[in-house]
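Work through the exercises below with the structure in view, and try each task before you read its solution.

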Amino acid sequence: MRECLCRCFVPETTTVKASVRPRVAPSVGHSVIPASAAPRSVACGNLVPMSTPVSRSRFHDVALRGEGFVLRPWRSDDLGALLEHANDIRIVRGLSDRFPHPYTREDGERFLAGDVVDLRDPVLAIEVDGQACGGIGARPGHGGRRHGAEFGYWLGHSLWGRGLMTQVVALYAPWVMQQLALHRLQATVLDNNPASARVLQKNGFEEEGALRCAVVKFGELRDLRVFAKVKRSLEDATQTAQ
Ligand SMILES: CC(C)(COP(=O)(O)OP(=O)(O)OC[C@H]1O[C@@H](n2cnc3c(N)ncnc32)[C@H](O)[C@@H]1OP(=O)(O)O)[C@@H](O)C(=O)NCCC(=O)NCCS
């Protein structure tokens, strides 16, 4: 298995762009998403205007508006905010060791270039007061697992404890399940991350169990708690149910 979104783990059937070192940008936690040969925009050079979305995915013009925040695609001019918020050990504690810390300019540039996660997936910045302060994203599975997705999220520390991520997940989860015709949306959470578990519980995610001794974090073995929301009817997902 390979680590995915927040603490998520996904089968090795997905591939990683050959030249990508196995580090993960925080926007979708630990996801290392396949970067196919399809054309993509150049994000961090001078080839695109500074406010240009970094990916021309089907989600490139999405703007989900919540109370005091907007979920929208990452843009090339998010680099400064990304570095400001992501370079924080308190965020890494809830995530995998593969979440880089310190979070360098190069890490941010590689993420915004789409070299770390596939920005054609529904990977969105959490914008508050005009600044990208965190991220949320989902990666769909493949083959028989294409009806499911892993998702993860993070938020700059200055915004913790206000109920913001609870609202973000409330907006994002139903949207992404509808957009990807999902029957299962899953997140895995370190056993010492009660805040994230609470966010999921408040949004109706059911705890299904634990992946015991799944992670070594700061030298200690930790369990991963598995949370999911499912939609059992196939009616709304004919694309994925075939
Ligand atoms: C997890 C994270 C996204 C939460 O964001 P947030 O905006 O502070 O979350 P909210 O304020 O919406 O909700 C947090 C809930 O956890 C509770 N909580 C916080 N710390 C807690 C603790 N130590 N023990 C128990 N509950 C706790 C809060 O009281 C709140 O619940 P309540 O509304 O019932 O009071 C944020 O802390 C973060 O980005 N952490 C680092 C990255 C991370 O862990 N990502 C998730 C990986 S699975």
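**Exercise 1: Two packed helices**

The crossing of α1 and α3 is right-handed, in a model that is predicted. Describe how the axes of α1 and α3 are placed, and say which residues meet where these helices touch.

Solution. Two packed helices are described by the angle between their axes and the distance between the axes. For the pair considered here, the axes of α1 and α3 come within 10 Å and cross at roughly 125°. That angle makes α1 oblique to α3, because angles of 65 to 115 degrees count as roughly perpendicular and those over 145 as roughly antiparallel. Turning to the residues, Leu 79, Leu 82 and Leu 83 of α1 meet Arg 105, Gly 108, Glu 109 and Leu 112 of α3. Sorted by class, this contact of α1 with α3 holds 4 nonpolar, 1 polar and 2 charged residues.

**Exercise 2: The buried side of a helix**

Which residues of helix α3 are buried, and against which helix do they pack?

Solution. Helix α3 covers residues 105-112, and its buried residues are Asp 107, Gly 108, Arg 110, Phe 111 and Leu 112. The buried residues of α3 pack against α1, which spans 79-86. Following the chain just past α3, we reach Gly 114, which takes a positive phi of about 80°.

**Exercise 3: A strand residue**

Solution. Begin with its place in the chain: Leu 211 lies in strand β9, residues 206-217. Next, count its surroundings: Leu 211 has 16 other C-beta atoms within 10 Å, and is therefore partly exposed, since a residue is buried if 20 or more lie within that distance and exposed if 12 or fewer do. Leaving aside neighbours within four places in sequence, Leu 211 is in contact with Thr 188, Asp 223, Leu 224 and Val 226. Finally, Leu 211 and Val 189 are 22 residues apart in sequence, while their C-alpha atoms are 9.8 Å apart in space.

Conventions:
Residues numbered from 1 in each chain as written. Predicted model: local features only at pLDDT ≥ 70, side-chain atom pairs only at ≥ 80, totals over all residues. Helix = DSSP H or I, 4+ residues; strand = E, 2+ residues; numbered from the N terminus. Contact = placed C-beta atoms within 7 Å. Axes fitted to C-alpha atoms, helices over the stretch in contact; angles between N-to-C directions. Parallel < 35°, antiparallel > 145°, perpendicular 65-115°, else oblique. Left-handed = near helix turned anticlockwise from the far one by under 90°. Nonpolar A, V, L, I, M, F, W, Y, C, P; charged D, E, K, R; others polar.
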